[in-house]
Amino acid sequence: MDWREFAEQMALLARRLLAQDSTQATLDEIVSAAVELIDGCETAGILAVRKGRAVSLAVTDEMVETSDRMQGELGEGPCFDAARRVNGDRVFRIVDMAQPQPQWPTYAPAARKLGIGSMMGFLLYTDDEDFGALNCYSGRAGAFTPESETAGWLLASHAAVALASARTVDQLEHALETRHAIGEAMGILRERHRLSEDDAFAVLRRISQHHNIKLRDVAQSIRGETPDRPVRGETPGRR
């Protein structure tokens, strides 16, 4: 591998990842980049474990999604373990899936039937968060070398930083949308029922607590009310 060329590709990838407009777009770009830039990688996916269940966050091929689903159903597999950090490992490389895999006695033969010859995976993590595991697949044994592993680790490092940035942007946008919705709902309540700002917010909070729904959802409901229709579950008034 020409590492100078690879470094240039990594620099371009970093810009591409940061240019994506959502977390999902970033995830999709990461798996595409894995196939494009890692020697031996024919298909790729990102697997996360949520409440003990395997979740395919992004895949380049239906086979990857099938592999993820099987690992979740069986409760074993290299990608599943990497996403859960079962052994504390952040990287795995299986040179030949046809060789005995005592850690995954049920998954390994099932993977061979799917046409998986070798696999490699990397935990996507920052100091604050784990995002799942980036997994690379090949139909032939011995497709992934130590150089492939190094390239994958570098790509995964870039990817984790980009995901952290994308997640932060999504959270900020969500917070701004929530703030805007609540502000509009308070304005409607103040105008409709002649409430003060504090009283309007108190109404929103009481509805939220009484019905056990999020404040933003209460605000969205009020924004959807017609001007002559009362707010559900609450009769506003001065306190």
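**Exercise 1. Find the handedness of the crossing of α7 and α8, and describe how these helices pack.**

Step 1. The crossing of α7 and α8 is right-handed; a crossing gets this name if the near helix is turned clockwise from the far one by less than a right angle, and is left-handed if anticlockwise. The model is a predicted one, in which local features need pLDDT of at least 70 and side-chain atom pairs count only at pLDDT 80 or more, while totals for chains, interfaces and linings use all residues. Residues are numbered from 1 along each chain as its sequence is written, and side-chain values use heavy atoms, leaving out hydrogens and water.

Step 2. Two packed helices are described by the angle between their axes and the distance between the axes. Helix α7 covers residues 197-211 and helix α8 residues 215-223; their axes come within 9 Å and cross at roughly 115 degrees. Axes here are lines fitted to C-alpha atoms, for helices over the stretch in contact, with angles from 0 to 180 degrees between N-to-C directions.

Step 3. α7 and α8 are therefore roughly perpendicular to each other. The classes are: under 35 degrees roughly parallel, over 145 roughly antiparallel, 65 to 115 roughly perpendicular, and the rest oblique.

Step 4. On the α7 side, the contact (heavy atoms within 4.5 Å) is made by F201, L204, R205, I207 and S208, and on the α8 side by L215, V218 and I222. By class, this contact of α7 with α8 has 6 nonpolar, 1 polar and 1 charged residues. Ala, Val, Leu, Ile, Met, Phe, Trp, Tyr, Cys and Pro count as nonpolar, Asp, Glu, Lys and Arg as charged, and the others, Gly among them, as polar.

**Exercise 2. Work out how α3 and α5 are oriented to each other.**

Step 1. Helix α3 (residues 62-74) packs against helix α5 (residues 107-114) at an angle of about 165 degrees, and their axes are 11 Å apart.

Step 2. α3 and α5 are therefore roughly antiparallel to each other, and α3 passes α5 in a right-handed crossing.

Step 3. M63, T66, S67, M70, Q71 and L74 of α3 meet Y107, A110, A111 and L114 of α5. The residues of this contact divide into 7 nonpolar, 3 polar and no charged.

**Exercise 3. Count the disulfides, and explain the case of C79.**

Step 1. A disulfide is a pair of cysteine sulfur atoms within 2.5 Å. By this rule the count comes to 0 disulfides.

Step 2. For C79, the closest cysteine sulfur is in C136, 9.2 Å away, so the distance is too far for a bond. C136 is in no disulfide either; the nearest cysteine sulfur to its own, that of C41, is 3.9 Å away.

Step 3. C79 is buried, at 0% relative accessible area, and C136 is buried, also at 0%. Buried means under 20% relative accessible area, exposed over 50%, and partly exposed in between (1.4 Å probe, protein chains only).

**Exercise 4. Count the helices and strands of the chain.**

Solution. The chain has 8 helices and 5 strands; these are DSSP runs numbered from the N terminus, helices being H or I with at least four residues and strands E with at least two.
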